[in-house]
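Here is a short report for a reader meeting this structure for the first time. Keep the view open while reading.

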Amino acid sequence: MMTLLHNMDFNDLQIFCKAAESRNFTDASIAIGVTPSAVSKAISRLEQKLNIKLFQRSTRSMRLTEEGKSYYLVCKEAIENIRDIERQISSSGELHGILRISMPDSYGIKKFLPAMTPFLDAHHESIQLEVSLSNSYVNFTKDEFDLAIRIGDLKGDRLVAKELHRAQLKLVASPEYLARYGQPQSLEDLHQAETIALRFPHTGQLLPWEFGFDSTPFHFTPAMVHSNSLGAFETVLNGFGIMQFFDYAVDREIASGRIVELFPEHRPQPKAVHLVYPESRYLPATVRSLIQYLDARLNSTSI
């Protein structure tokens, strides 16, 4: 026989989530439009039913307990899913709302944004798109994103992943750099070259280059380190250093002669570019429409 959820009041759950976000009963009450006493009573009812403390309170501060943090994350996602399905049912299939998507900075500027104009033109009155360009690793449990674009290995993640295309790493330098410093004749020569490395914020480690059929990591001591791949790319364009970038970031400049690819015979295996979202999350029609658009657009168009 099915067990009911302890007669939980949905309003109490919404009040709890707002209190957790505000970290103050008074601020939560103003945001919701009830009295501070009503917020306090709702939290007390939940704590009594759950037989746990959701907040640690003092005269100066209030914070979630560890149990409260876990409960908040689950409640928040449940409430968002309920609101999403209500909007979909009541809108008769119309697309509207806010879409939040995260991706690496260079991918967003070089690949994603140029592809988005038709979608934005079609839905600019009903959909607001929020794009986060960052190399930081998105945690869907904590971060309020609907989708993310990730490049490379996804093992260990409980995500639904749709492959959009494959991206090829290419080692490049400017003609000006090669004229000043000389063109390396072998991969070993790169250890004496003016190399540029990228440091990813979620690991704090330098990203090694990759070469060959088995994508062997190539570790080196860089002359310059960037936290942003676009900054590294500008450095190369301005005549200093050798750097490895994905094809979508450099192919136009290679074609125009502004930069030169080095050792194309040692290119590593292409990496998969995935559109990802949590496997347990309900997908509103608006999110599904963007997934379908990107699948069609990025799978068929070289930008």
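Strand 7, residues 169–173, pairs with strand 12 in the antiparallel sense, over four bridges. Within that pairing, leucine 169 faces phenylalanine 246 of strand 12. The model is predicted.

The two strands belong to an open sheet of three, in the order 12-7-13, with antiparallel pairing. Strand 12 (243–246) and strand 13 (260–262) are the edges: each has a single partner strand, so one side of each lacks a neighbour in the sheet. Neighbouring strands here are turned by 55° against each other on average, direction ignored. Helix 8, residues 229–237, lies across strand 7 and strand 12. Helix 8 runs at about 125° to strand 12.

A second open sheet has five strands, in the order 4-3-5-14-6. Its pairing is mixed. Strand 4 and strand 6 (159–167) stand at the edges, and because each has a single partner strand, one side of each is left without a neighbour in the sheet. The twist averages 20° from one strand to the next. Strand 6 runs antiparallel to strand 14 (residues 271–278), and eight bridges join them. In this pair, leucine 159 stands opposite proline 278 of strand 14.

| Pair | Sense | Bridges |
|---|---|---|
| Strand 7 and strand 12 | antiparallel | four bridges |
| Strand 6 and strand 14 | antiparallel | eight bridges |

How is the chain divided? Domain 1 covers 10–90, domain 2 covers 97–159 + 275–300, and domain 3 covers 169–269. The centres of domain 1 and domain 2, taken over C-alpha atoms, are separated by 28 Å.

Next comes helix 3. This helix spans residues 36–50, 15 residues in total. From its first C-alpha to its last it reaches 21 Å, close to the 21 Å expected at 1.5 Å a residue. Which residues of helix 3 are buried? They are Val39, Ala42, Ile43, Leu46 and Glu47. These residues cover an arc of only 130° around the axis, so they sit on the same side of helix 3. An α-helix has 3.6 residues a turn, so residues three or four places apart point the same way. Lys41 and Gln48 are exposed, on the other side of helix 3. Just after the helix, asparagine 51 takes a positive phi of about 60°.

Two single residues deserve a look. Serine 106 is placed in helix 5, residues 105–115. Is serine 106 buried or exposed? Its relative accessibility is 10%, so serine 106 counts as buried, the cut-off being under 20%. Leaving aside neighbours within four places in sequence, serine 106 is in contact with Lys111, Ser229, Leu230 and Tyr248. Serine 106 and asparagine 228 are 122 residues apart along the chain, yet 8.4 Å separates their C-alpha atoms.

Asparagine 135 is the other residue. It is found in the loop between strand 4 (127–133) and strand 5 (147–151). With 11% relative accessibility, asparagine 135 also counts as buried. What does asparagine 135 touch, not counting residues up to four places away in sequence? The list is Pro104, Asp105, Phe200, Pro201, His202, Ser227 and Ser229. Ser229 is also among the contacts of serine 106.

Notes:
Residues are numbered from 1 along each chain as its sequence is written. This is a predicted model: local features need pLDDT of at least 70, side-chain atom pairs count only at pLDDT 80 or more; totals for chains, interfaces and linings use all residues. Side-chain values use heavy atoms; hydrogens and water are left out. Two strands pair if DSSP finds at least two bridges between them. Axes are lines fitted to C-alpha atoms, for helices over the stretch in contact, and angles run from 0 to 180 degrees between N-to-C directions. Contact means heavy atoms within 4.5 Å. Buried means under 20% relative accessible area, exposed over 50%, partly exposed in between (1.4 Å probe, protein chains only). The expected span of a helix is 1.5 Å times one less than its number of residues. The arc is that of the directions from the helix axis to the C-beta atoms. Domain bounds come from an automatic or database domain assignment.
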